[in-house]
Amino acid sequence: MFSDQPISLSPRDFELAVKGILDATGESLISYTSAHQEMVGGPDGDYVIDVVARFSALNAEFVVLVECKHHKRNVERQDVQVLFSKLQSLGAHKGMLFSTAGFQAGAIEFAKSHGIALVQLADANTSWFVRSEAPLPTRPDWAGTYKYAGWWHHD
């Protein structure tokens with residue numbers, strides 16, 4: 001089952017793992033690209049964004065800003081508010097906030113009311129479970145395919 005222990009990665013490796021997850025799921029999108037630590041300019045200044053994903057859909061171009069919080073504590077409401085402010089300033093279409101530790105209730109509430117996705121990165125071993133009275137079986141082969149899994153708190 002899901003562990004309360006944060007995964008053990010450096011902040012940079014955490015950002016690159018998130019980028020890798022997005023790249024793997026975005027490969028079927030039209031004109032999908034992503035950038036790590038991209039400087040994005042807006043009317044009120046420049047921001048370095050952990051991961052910026054761009055793609056085409058419905059004959060339109062979309063921009064997703066992704067912030068990665070490598071904390072030992074749950075992400076707070078103010079962290080989600082800062083991402084929301086960047087979305088507004090930069091004219092992005094979606095915001096995603098990945099955490100190594102989870103999210104406080106206020107962060108989840110704010111994200112839900114403003115359409116920001118919250119994802120907790122975890123060891124991929126947490127991505128399978130069974131409902132049975134019998135002892136847990138060994139991990140299935142497919143569970144070893146991925147190193148990390150994302151647990152969605154809100155989208």
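Glutamate 109 is exposed, because its relative accessible area is 52%, where exposed means over 50%, buried under 20% and partly exposed in between (1.4 Å probe, protein chains only). The model is a predicted one, in which local features need pLDDT of at least 70 and side-chain atom pairs count only at pLDDT 80 or more, while totals for chains, interfaces and linings use all residues. Residues are numbered from 1 along each chain as its sequence is written, and side-chain values use heavy atoms, with hydrogens and water left out.

**Salt bridges**

- Glutamate 109 forms a salt bridge with arginine 77, with the closest N and O atoms 3.5 Å apart; the term denotes a side-chain nitrogen of Lys or Arg within 4 Å of a carboxyl oxygen of Asp or Glu.
- This pair links distant parts of the chain, since glutamate 109 lies in helix H3 and arginine 77 in helix H2, 32 residues apart. Helices (H or I, at least four residues) and strands (E, at least two) are DSSP runs, numbered from the N terminus.
- Arginine 77 counts as partly exposed, because its relative accessibility is 33%.
- Salt bridges with shared partners join Arg73, Glu76 and Asp79 into one network.
- Arginine 73 is partly exposed at 38% relative accessibility, whereas aspartate 79 is buried at 13%.
- By this rule, the count comes to six salt bridges.
- Another of these pairs is glutamate 67 with lysine 86, at 3.7 Å, N to O. The pair links distant parts of the chain: glutamate 67 belongs to strand E3 and lysine 86 to helix H2, 19 residues apart.
- Glutamate 67 counts as buried because its relative accessibility is 6%, and lysine 86 is buried at 14%.
- Side chains of opposite charge can pair when their charged atoms come close.

**Strands and crossover**

- Strands E1 (residues 30-42) and E2 (residues 45-57) run antiparallel and are joined by 10 bridges; two strands pair if DSSP finds at least two bridges between them.
- A hairpin connects E1 to E2 through two residues, and serine 34 stands opposite alanine 53 in E2.
- E3 and E4 pair in the parallel sense over six bridges, with glutamate 67 opposite leucine 97 in E4.
- From E3 the chain crosses through H2 to E4 in a right-handed β-α-β crossover; right-handed means that, with the strands pointing away from the viewer, the path from the first strand over the helix to the second runs clockwise.
- Strand E4 (residues 94-99) is mostly covered, with five of its six residues buried.

**Nonpolar cores**

- The largest nonpolar core has 18 residues, and those with the most contacts inside it are Ile49, Leu65, Val80, Leu97, Ile116 and Leu118. Such a core is a set of buried Ala, Val, Leu, Ile, Met, Phe, Trp, Tyr and Cys residues joined through side-chain atoms within 4.5 Å.
- E2, helix H2 (77-90), helix H3 (105-114) and strand E5 (116-123) are the elements that give two or more residues to this core. H2 gives the most, with four residues.
- A second, separate core of 17 residues includes Ala53, Met96, Phe98 and Val119.

**Aromatic pairs**

- A search of the whole structure finds two aromatic pairs. Rings of Phe, Tyr and Trp (its six-membered ring) pair if their centres lie within 6.5 Å, and planes under 30 degrees apart count as stacked, over 60 as edge-to-face and the rest as tilted.
- Phenylalanine 55 and phenylalanine 62 are stacked, because their ring centres are 5.5 Å apart and their planes lie at 15°.
- Phenylalanine 55 is buried at 16% relative accessibility, and phenylalanine 62 is partly exposed at 25%.
- Phenylalanine 84 and phenylalanine 110 are edge-to-face, because their centres are 5.8 Å apart and their planes lie at 80°.
- This second pair links phenylalanine 84 in helix H2 with phenylalanine 110 in helix H3, 26 residues apart.

**Single residues**

- Serine 31, in strand E1, has a positive phi of about 55° although it is not a glycine.
- Asparagine 59, in the loop between E2 and strand E3 (60-69), has a positive phi near 60° and is exposed at 86% relative accessible area.
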